[in-house]
Amino acid sequence: MKLIFPNGEHGQVLLSEGVNRIGSAPDAQVRLDRDEVAPVHCELQLSGTMVTVRVPDPSRPVTLNGKPVQGVMAVRAGDEIGVAGVVGKLVSVERAAGPAGAKFDPENDAGATRMRMAVPKFVLRGVSGPAFGKTYPVPALQVIGRSEECNICIPAEEISRRHAQVKPTGDGLAVEDLGSANGTFINGQKVQNGVLKPGDELRLDTIRFLLVAPGMEIAAATKAPPPAPAKKSGGSGVVVGVVIAVVAAAAAAGWYFFLR
């Protein structure tokens, strides 16, 4: 991902993996030397191909496509970030293979640095409502809500605009409720903060997800189902009845011939 400035206030910047700071500090990746710009005005975090923007000081406004940034918000290719009147545009770039040993110059990169998407360690699988049957990779911090600005957008009225956020950890996903109206639940337990492990259920009001890890669904699919219990047959009673009837008929016939 690359940040360009259509009005020329700053040269284009190829974002680095991790945190990229925009501000007036000398060590900021994007330095804007203006009085109204804080040393760290906002931060862009790049993880794979996912980008989020965070504003450390809410008194220093930042806009995303003309709307104020609140908390952590997802940024997509084509979005515009406004900082003290300076507008930067995020673009995705791919780079054609060049000659061996060629050096990459981000200032003169005309096209594109191809970025391979890493296989996410965790995936949320929807099991109810509008999320049913859908999968949501979680490669980095993801905000879940019904707002289109969220990384995972669930168009359901029972979901708050910014309902909860999930972030990968060594054991699973760190879950945080973002002040939702209807609550966030892990395995039926309401939480403000919690850890979601593979196989656990995440519920946002009535919308449910299961957390799966690579290979987990495959293992479940290849596991042989338990044998069906043998059905009890009622035919044995019928056979016994037929045998008794035959014996009775034979006895009756013998008695009849004896009387004659």
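Two strands are taken to pair if DSSP finds at least two bridges between them. On that basis, this predicted model contains an open sheet of five strands, in the order β15-β14-β16-β17-β20, with mixed pairing. Its edge strands are β15 (152–153) and β20 (193–196), each of which pairs on one side only.

Within this sheet, strand β16 (residues 164–168) and strand β17 (residues 173–177) run antiparallel and are joined over five bridges. K167 stands opposite A174 in β17. Strand β14 comprises residues 142–145 and includes Q142. Is Q142 buried or exposed? With a relative accessible area of 3%, Q142 falls under the 20% limit and is therefore buried. Leaving aside residues up to four places away in sequence, Q142 touches M50, P137, N151, I152, A164, Q165 and V166.

A further open sheet has six strands, arranged as β13-β12-β22-β21-β18-β19 with antiparallel pairing. Its edges are formed by β13 (135–137) and β19 (189–191), and each of these pairs on one side only. From one strand to the next, the twist averages 30°.

Strand β12 (residues 123–126) is joined to β13 by three bridges, the two running antiparallel, and L124 is placed opposite Y136 of β13. Strand β12 is also joined to β22, through four bridges and again in the antiparallel sense; here the bridge partner of R125 is L210 in β22. Strand β22 is in turn connected by four bridges to strand β21 (residues 201–204), with which it runs antiparallel. L204 stands opposite I207 in β22. Strands β21 and β22 form a hairpin with two residues between them, and D205 in the turn has a positive phi of about 55°.

Because the ring centres of Y136 and F209 lie 5.9 Å apart and their planes meet at 75°, the pair is classed as edge-to-face. The pair links distant parts of the chain, with Y136 in strand β13 and F209 in strand β22 (residues 207–212), 73 residues apart. Both Y136 and F209 are buried. Another ring is approached by a charged side chain: R203 lies over the face of F185, at 4.0 Å from the ring centre.

The largest nonpolar core has 24 residues, of which I22, L44 and V51 touch the most other members. At least two residues of this core are supplied by each of β5 (42–47), β6 (50–54), β7 (62–64), β9 (72–75), β10 (80–83) and β11 (86–91). Strand β5 contributes the largest share, three residues. Which residues does I22 touch, not counting residues up to four places away in sequence? The contacts of I22 are L3, V30, L32, V40, H41, C42, L44 and V83.

A second, separate core of 22 residues includes L124, I154, V166 and V175. Several of these residues belong to elements already described. L124 is the residue opposite Y136 in β13, and V166 is among the contacts of Q142.

Conventions: Residues numbered from 1 in each chain as written. Predicted model: local features only at pLDDT ≥ 70, side-chain atom pairs only at ≥ 80, totals over all residues. Heavy atoms only, no water. Axes fitted to C-alpha atoms, helices over the stretch in contact; angles between N-to-C directions. Buried < 20%, exposed > 50% of the residue type's maximum accessible area, 1.4 Å probe, protein only. Contact = heavy atoms within 4.5 Å. Phe/Tyr/Trp six-rings, centres within 6.5 Å; stacked < 30°, edge-to-face > 60°. Lys NZ or Arg CZ within 6 Å of the ring centre and 35° of its normal. Core = buried A, V, L, I, M, F, W, Y, C linked by side-chain atoms within 4.5 Å.
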